[in-house]
Amino acid sequence: MRAKYGKWTVPLVLLFAAAAVMAPAVRTEASGSAGNDDNTLIVGFDAEFPPYGYKDENGEYVGFDLSLAQEVADRNGWTLIKQPIDWNSKDMELNSGSIDCIWNGFTMDGRENEYTWSSAYVDNSQVVAVKRDSKIQSLDDLKGKTVIVQQDSSALAAFTGEDATDENKALAASFAALQQVSDYNSAFMNLESGVADAVCLDIGVANYQLAGSGGKFRLLPEQVSSEHYGIGFKKGNTALRDKVQATLNEMLSDGTFARIADEWGLSDAVCLGQEGADAVMREETEGGGSGFGAADFLDVMRQLLAGFGATLMIFFLTLLFSLPLGLLVTFMRMSRHAVPHWIARFFISILRGTPLMLQLLVVFFGPYYVFRISLSNSWRFWAVIIGFSVNYAAYFAEIFRAGIEGVPRGQREAAQVLGYTKHQTFTRIIFPQMVRRVMPPVTNEVITLVKDTSLAFALAYTEMFTLAKQIAATRSNILPLFAAGLFYYIFNFLVEFAMGRIEKKLSYFE
Amino acid sequence: MPVLSISHLKKSFDGKEVLSDISLAVNQGEVVVIIGPSGSGKSTLLRCATLLETMDYGDLSYNGVSAMDSAPGRPCVYKPEAELRKLKSNFGLVFQDFNLFPHFTVMQNLCDAPVHVQKRDPEEVKKQALSLLAKVGLSDRGGAYPGQLSGGQKQRVAIARALCMNPKMLFFDEPTSALDPEITAGILRVMRQLAAEHMTMVVVTHEIDFARRVADRVIFMDGGVIVEEGKPEDVIDHPGNARTQEFLRKLS
């Protein structure tokens, strides 16, 4: 029942990673009524967080937390709806009522006042996984290394959160990089391929991943921190919390809870009913929701501006490489020779026919999984640039071809009679007219590119949108996302203006 | 030696023969006008002569230099591209729809090919271009773009562009068909002037009056063959062939 790493699973993992990120966009909108008035319990979970909640080999959502939720729902006569969510959007999901609770190895520590909590039921600790043959033996050895954590995870909070210990903060500062990825499959692919040196994660998840990895990884003996898991409800929704908690207590006393924990190999980790487990639940303080003042807004804008540099870099480098590459592909596509012609057609067909996100993943992980080349962290950036450039070149190629074919035949014939060579005909007569013709569709692509740069998050490259999602998650507020939207709009407004000027300049002869 | 010599030209499109066994020689200073109904093959003949279209059979030569590597009677094999480019310096072509380069000014349209194809001195070319513009009555439009000109002005620029290459002969493919009748006169006047200066010309046109007054020889084509040819007073005023008679009757 457990996913294993192997050569044959790589394409599936890549596909699945792409699908999972897109999943929230296509799900059906759940009922807006929080608190299961309609006899449903909608549980939000990260579908890539085994053993707590994930998709098994049969395509079913399973896990320790989902088994518990199923039992709770059954005992109350509710229908359980398992709703996979994008972890960065969990607060929006919960606050909008599209889910009733977050039940997914959800760390309480540091979030005590942000949710209405159940009693803690798992005592979890943060541990560090490294490759079996790694030289890293202790936390001190992590100095100068690249360490991976999941976005908005307990591990990240343990290093950089407000409640992080000074010890951990100093440790994090000694890393070469603290890299955030969106899911653990990706984290371990990073680790295996050498892009990263260590992964810091929850012990339950770590044990699960290590069991399925065939001995490729091991854990460091020291722990980074210890923490507790609870079920998070919307702040103030004590009615639902109390019902769920009562049922859990019932399951604890009749042994069902222990049986389910055993099924998932978590007997050592559960702490429901132990002394102090319900401390947070009993001491819940009122208020505590995150306000958002003008100062915060400026702070967010300042942080986004830092990420905007990365966005600009992707944008300009992609244009720099994809425009000439697109012209080259056009020449091949329009060649009279069969070999370049069909290579270009195949290239265009594949790049236009598959998701850009998948192409980015293939470019990034391909060198390791195909050629066994160990990857460096800086490869992340170049993979983004290569992926974008190649993809946009395919689109530009077709635009250029339309532009060239749109120049009237008489232009070519006039040049031919005047004795221009083929090369002169293209550079002196066809190309200048083609450039003018392709400006409107090229402008379209350029504007799309501005927005597409946000897809760099698939490779955990921290451009502006990735940053906005991270800030939104830490602050439990969606305003950073809107702020990012504002950046994109302003940038595109300028792009539109600039392209308009260029177009006008190029139409000097009309 | 004729400037242009075409012998036994055959041309088919998709198995349908559009030109069957055409032979034509044009001498220095001669003005030849080709008339005939649409679909008669006269435009295809012009395109073959100007190397825009390939011939299937036959020979094509300018001043005794052939465009072909193939033996007579064998399917045509053209000489390499570079050789053909040299041959092209013998003639100019004026299109029905002008085909000026829209991104070049009038002066650039005239000077670009002489400078970049013929590698002539830009200053000398510029002087020639200015005098040619004066000749076609457009001295003041050298800096304009084609998009800013009327149809008649465009065609006059196109003629000047062809002349700027110093060709030994000029082809005209229905040069007035895209123009209003009152503008046509101006273009014909320029062409008459060229004829008076003994420019060798082959003109495809429907302007019978022009043919009568300017042509040394009129050729009537129909169904891919030369039906009748001779002096204008013979072919136009006293056609011997029934098809010629019918064509001229419909035109008047």
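Which loop of chain B holds B:Pro37? That's view 1 below. As this is a predicted model, local features need pLDDT of at least 70 and side-chain atom pairs count only at pLDDT 80 or more, while totals for chains, interfaces and linings use all residues. Residues are numbered from 1 along each chain as its sequence is written, chains are lettered from A and ligands numbered from 1 in the order in which they are written, and side-chain values use heavy atoms, leaving out hydrogens and water.

**View 1. B:Pro37 sits in the loop between β3 (31–35) and α1 (42–49) of chain B.** Helices (H or I, at least four residues) and strands (E, at least two) are DSSP runs, numbered from the N terminus. With 25% relative accessibility, B:Pro37 counts as partly exposed (buried is under 20% relative accessible area, exposed over 50%, partly exposed in between, with a 1.4 Å probe and protein chains only). Skipping residues up to four places away in sequence, B:Pro37 touches B:Lys42, B:Phe220, B:Met221, B:Asp222 and B:Phe247; contact means heavy atoms within 4.5 Å. Look for B:Met221 here: it's 184 residues from B:Pro37 in sequence, but their C-alphas are 7.7 Å apart.

**View 2. Helix α13 of chain A covers residues 356–371.** From first C-alpha to last, its 16 residues reach 22 Å, close to the 22 Å expected at 1.5 Å a residue (the expected span being 1.5 Å times one less than the number of residues). There's a kink of about 55 degrees at A:Phe365, shortly before the proline A:Pro367; the bend at a residue is the angle between axes fitted to the seven residues ending there and the seven starting there. Twelve of the 16 residues of α13(A) are buried, so the rest of the structure largely encloses this helix. Among those buried are A:Phe364, A:Phe365, A:Gly366, A:Pro367, A:Tyr368 and A:Tyr369. Just after the helix, A:Arg372 takes a positive phi of about 60 degrees.

**View 3. A:Ser154 belongs to helix α4 (residues 154–160) of chain A.** This serine counts as buried, at 11% relative accessibility. Apart from neighbours within four places in sequence, A:Ser154 is in contact with A:Thr107, A:Gln126, A:Asp202 and A:Glu227.

View 4. Of the 510 residues in chain A, 54% are buried.
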